[in-house]
Amino acid sequence: MSTVDVSAPGSVAERLRTWEWVYLGYLLFVLAQPYFTPDRAWWEWPLAIAVCAVTAVLYALALLRGRSVRQIWSSIVPMAVLGALATPFNTNASVLFIYAAASAGNTLPRHAARLWFVGLTALDGVTVLVSRVPMPYRLWGFVPPLVLIWVIGLLELRQRDRRQEQENERLRSSQVELLATIAERERIARDLHDLLGHSLTAVVMRAQLTKELVLADPRRARAEAEEIERNAREALAAVRSTVTGWRQTNIRAELEAARRALAGSGVTLRVAYDDKLILVATTEHELGLALREAVTNVARHARASACHIGLDADDERVRLVIADDGIGGDAPEGTGLTGLRERVAKLGGAVQRTGSAGTTLTITVPVEVAG
């Protein structure tokens with residue numbers, strides 16, 4: 001005897017066609033007493049019909065209003081009162097106690113619902129004592145509700161808990177999907193920033209150099225233009241792979257890209273790289289992007305003449321150092337460096353930046369997640 005959730009999709013007409021209306025069939029027991037009583041009183045049929053009609057209205061209100069605390073006053077209490085008034089004259093009217101128990105189990109908190117079950121059981125017992133129906137017919141209307149109040153009520157409690165768990169699971173799934181979507185958007189945003197910041201910086205610098213060389217040294221200007229085209233094609237390919245989620249980079253490729261980018265800016269690059277160091281793909285990808293962001297900052301802001309890149313490891317950590325002899329300073333961190341910190345933090349690592357004489361960026365990652 002459960003009710004329909006008013007928040008469920010579908011119109012009122014759809015809810016009116018629900019299979020739960022079949023539970024009104026239990027009201028036939030109320031009509032059974034005057035039908036099978038040979039010497040019934042004149043008022044028995046009107047009473048039975050009135051009880052069935054009022055119960056049908058209360059049940060319809062419960063269905064249409066859905067599960068809410070208002071059911072205490074709109075269905076549970078009226079059904080209990082109507083059952084208490086009618087059962088002394090029609091023993092089968094005790095079925096209303098079952099309807100009230102089902103509505104309580106479907107609506108109220110577990111503790112409150114069980115209190116209602118106790119109260120309805122007691123009410124059923126009181127009505128049998130004051131009933132005008134002769135024995136043993138009086139017991140036929142008393143004993144089944146005594147059991148079914150608890151059976152139906154507890155089943156409704158169980159079904160409601162199951163519905164609540166399903167709703168909680170749906171909400172959890174929605175939250176996971178939302179968080180996954182947000183994380184993917186953040187990943188794409190960071191990757192595009194790291195990628196385009198590096199590539200466009202190289203393109204701008206080489207374009208400026210090409211403009212200066214176009215008359216003075218046409219051959220070198222042509223070489224620079226070819227490098228600009230290559231950088232642009234690489235950037236386009238990387239953007240495409242970024243939005244599809246499969247782009248991976250590695251330290252060697254980023255060192256080569258750093259050498260080209262810094263050469264275009266007139267910065268001498270020195271590299272100290274342990275060739276025997278083997279990194280897992282995810283860690284190497286994140287360190288490669290960190291290296292790209294740091295080199296981009298050197299080319300764009302440092303005004304340096306030399307840059308040193310070092311990558312080594314000990315028993316506890318892998319360390320990547322990018323140091324330049326530029327202007328240094330303590331300017332606020334931009335979006336790129338903030339994203340870099342987020343990437344490294346996900347690996348359990350840390351980023352340290354010093355800027356007194358030039359700028360030194362030290363990135364450390366625990367060795368257990370790196371190798």
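Let's start with Tyr137, which sits in helix α7, residues 137-216. Helices here are DSSP runs of H or I, at least four residues, and strands are E runs of at least two, numbered from the N terminus. This is a predicted model: local features need pLDDT of at least 70, side-chain atom pairs count only at pLDDT 80 or more, and totals for chains, interfaces and linings use all residues. Residues are numbered from 1 along each chain as its sequence is written, and side-chain values use heavy atoms, with hydrogens and water left out.

Is Tyr137 buried, exposed or partly exposed? Partly exposed, because its relative accessibility is 44%. The cut-offs: buried is under 20% relative accessible area, exposed is over 50%, partly exposed is in between, with a 1.4 Å probe and protein chains only.

Tyr137 also belongs to a nonpolar surface patch with Met135, Leu139, Trp140 and Val143. Together they have about 530 Å² of accessible area. Nonpolar side chains (Val, Leu, Ile, Met, Phe, Trp, Tyr) are joined within 5 Å, like charges within 9 Å. Areas are Shrake-Rupley, 1.4 Å probe; for residues, only the protein chains shown count as cover.

Now α10, residues 281-302. How many of its 22 residues are buried? 17, so the helix is mostly covered. Just after α10, Arg303 takes a positive phi of about 55°.

Last, the whole chain. It has twelve helices and five strands. Of its 371 residues, 44% count as buried.

Definitions and conventions:
Patches are made of residues with over 30% relative accessible area and no salt bridge: like charges are joined within 9 Å, nonpolar side chains (Val, Leu, Ile, Met, Phe, Trp, Tyr) within 5 Å. A salt bridge is a side-chain nitrogen of Lys or Arg within 4 Å of a carboxyl oxygen of Asp or Glu. The expected span of a helix is 1.5 Å times one less than its number of residues.
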